[in-house]
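Open the model in your viewer and keep the sequence panel beside it. This tour goes stop by stop, saying what to select and what is there.

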Amino acid sequence: MERGVALPVKEAADTGTLNRRAALASVSLATLLLGLKGYAAAKTGSVAMLASLADTGLDLIASLVTLYGVHIAAQRADENHRFGHGKAEALAALFQVALIAASAVAIGARAIMAFAEGAPTASPEAGIVVSVIAAAATMALLAYQKAVLARTRSVAIGADNLHYKSDLALNFAVVLALALDRYAGLRGADALFGLGIAAWLGWGAWASASHAINQLMDREWPEEKRRAFLDVAATIPAMSGMHDLRTRASGAHDFAQFHMSFPPETTIGTAHEVMEDIETRLMAAFPGLEVIIHPDPVGHVDQEGTLPAHIAERSEI
């Protein structure tokens with residue numbers, strides 16, 4: 001007899017809608033900025049602006065992939081995907097990472113070439129104006145994505161948000177690079193900033209990849225989150241027999257499963273009522289959580305080696 005509760009249908013639908021809207025906003029912004037930066041890159045010949053243009057082009061592709069990923073992830077569990085489709089978000093995030101990494105390498109190579117050539121940029125005003133507009137539009141998108149992430153915790157939207165944070169820094173870097181190169185006479189500033197942007201993108205790609213891979217590999221929740229879960233569980237008297245806690249995340253959904261000890265004389269009906277109350281309390285404390293509880297008779301010892309010792313020690317109350 002195992003007891004489990006899935007994410008409410010309405011809550012799952014609302015989460016999917018919010019993620020899709022955030023992804024559509026990202027696609028719209030990337031399309032607008034691609035046109036503006038294309039004009040500015042052609043007008044100025046700036047390496048930093050070219051880097052910004054390339055990054056925005058990748059943004060558009062990545063945002064389209066994110067839109068598809070969150071659309072798939074929002075679909076309800078079906079006969080072939082009993083745990084839902086949340087990992088589609090992690091796959092979309094990994095695709096973004098591949099694009100970001102490729103962009104960083106290409107931009108870094110172009111910056112090194114430009115630094116060696118030492119040629120000045122032309123018409124920096126156009127690049128500065130476009131970068132300021134892009135920065136303002138990006139800040140608006142970041143604010144919207146932040147509000148969505150607070151409610152959905154989407155991995156794909158999170159990766160997209162990280163990418164646009166780098167875009168914001170990139171836009172300001174372009175403005176500074178053009179100003180220094182043109183008005184302060186620092187000929188290598190544009191190329192140097194382009195190289196810095198490439199390094200920033202590479203670091204962002206590594207961070208996003210780590211998070212996505214952790215989800216695909218069903219990594220345990222972070223220690224702080226596990227401890228918070230155990231702290232809540234400790235306030236429920238019936239949870240005194242809890243052991244073998246296992247946790248994982250899939251997209252915006254969290255999963256927790258554990259065993260509970262019951263006296264041998266406990267009826268199925270009584271155990272069911274106790275577990276139902278526990279699930280309700282845990283889901284109230286952790287929105288979006290699916291709980292699976294396996295009842296054990298008191299004194300039952302699970303097969304040795306089921307869990308690593310360091311996890312088993314942290315999984316008991």
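Start with V174. Leaving aside neighbours within four places in sequence, V174 is in contact (heavy atoms within 4.5 Å) with A48, M49, S52 and S131.

Before moving on, note the ground rules. This is a predicted model, in which local features need pLDDT of at least 70 and side-chain atom pairs count only at pLDDT 80 or more, while totals for chains, interfaces and linings use all residues. Residues are numbered from 1 along each chain as its sequence is written, and side-chain values use heavy atoms, with hydrogens and water left out.

**The whole chain**

Color by secondary structure. The protein has nine helices and four strands. Helices here are DSSP runs of H or I with at least four residues, strands are runs of E with at least two, and both are numbered from the N terminus. Of the 317 residues, 46% count as buried. Buried means under 20% relative accessible area, exposed means over 50%, and partly exposed lies in between (1.4 Å probe, protein chains only). The accessible surface comes to about 15,200 Å², and 65% of that belongs to carbon and sulfur atoms. These areas come from the Shrake-Rupley method with a 1.4 Å probe; for residues, only the protein chains shown count as cover. Among contacts between residues at least 6 apart in sequence, 76% join residues at least 24 apart.

**The cores**

Select M49, I107, V174, I197 and L201. These have the most contacts inside the largest nonpolar core, a set of 21 residues. A nonpolar core is a set of buried Ala, Val, Leu, Ile, Met, Phe, Trp, Tyr and Cys residues joined through side-chain atoms within 4.5 Å. Now show α1 (9–44), α2 (47–73), α3 (87–117), α5 (155–182) and α6 (189–216): each supplies at least two residues of this core. Apart from it lies another core, of 20 residues, including W221, I236, M239 and V291. In soluble globular proteins, nonpolar side chains tend to be buried together.

**Helix α4**

Next, select residues 124–152. This is α4, with 29 residues. From first C-alpha to last, α4 reaches 41 Å, close to the 42 Å expected at 1.5 Å a residue. The expected span is 1.5 Å times one less than the number of residues. Step just past the end of α4: R153 takes a positive phi of about 55°.

Which strand holds D254? Select residues 253–262: D254 is found in this strand, β3. D254 is buried, at 4% relative accessible area. Not counting residues up to four places away, D254 touches R153, W221, K225, R248, A249, G288, L289 and E290.

**Salt bridges**

How many salt bridges does the structure hold? There are three. Each is a side-chain nitrogen of Lys or Arg within 4 Å of a carboxyl oxygen of Asp or Glu.

- K225 and D254: the closest N and O atoms are 2.6 Å apart. The pair links distant parts of the chain, with K225 in helix α7 (residues 223–234) and D254 in β3, 29 residues apart. K225 is partly exposed, at 24%.
- E220 and R226: the closest N and O atoms are 2.4 Å apart. E220 is partly exposed at 21%, whereas R226 is buried at 1%.
- R281 and D277: the closest N and O atoms are 3.2 Å apart. Both sit in helix α8 (residues 268–285), four residues apart, so about one helical turn separates them. R281 is partly exposed at 40%, and D277 is partly exposed at 36%.
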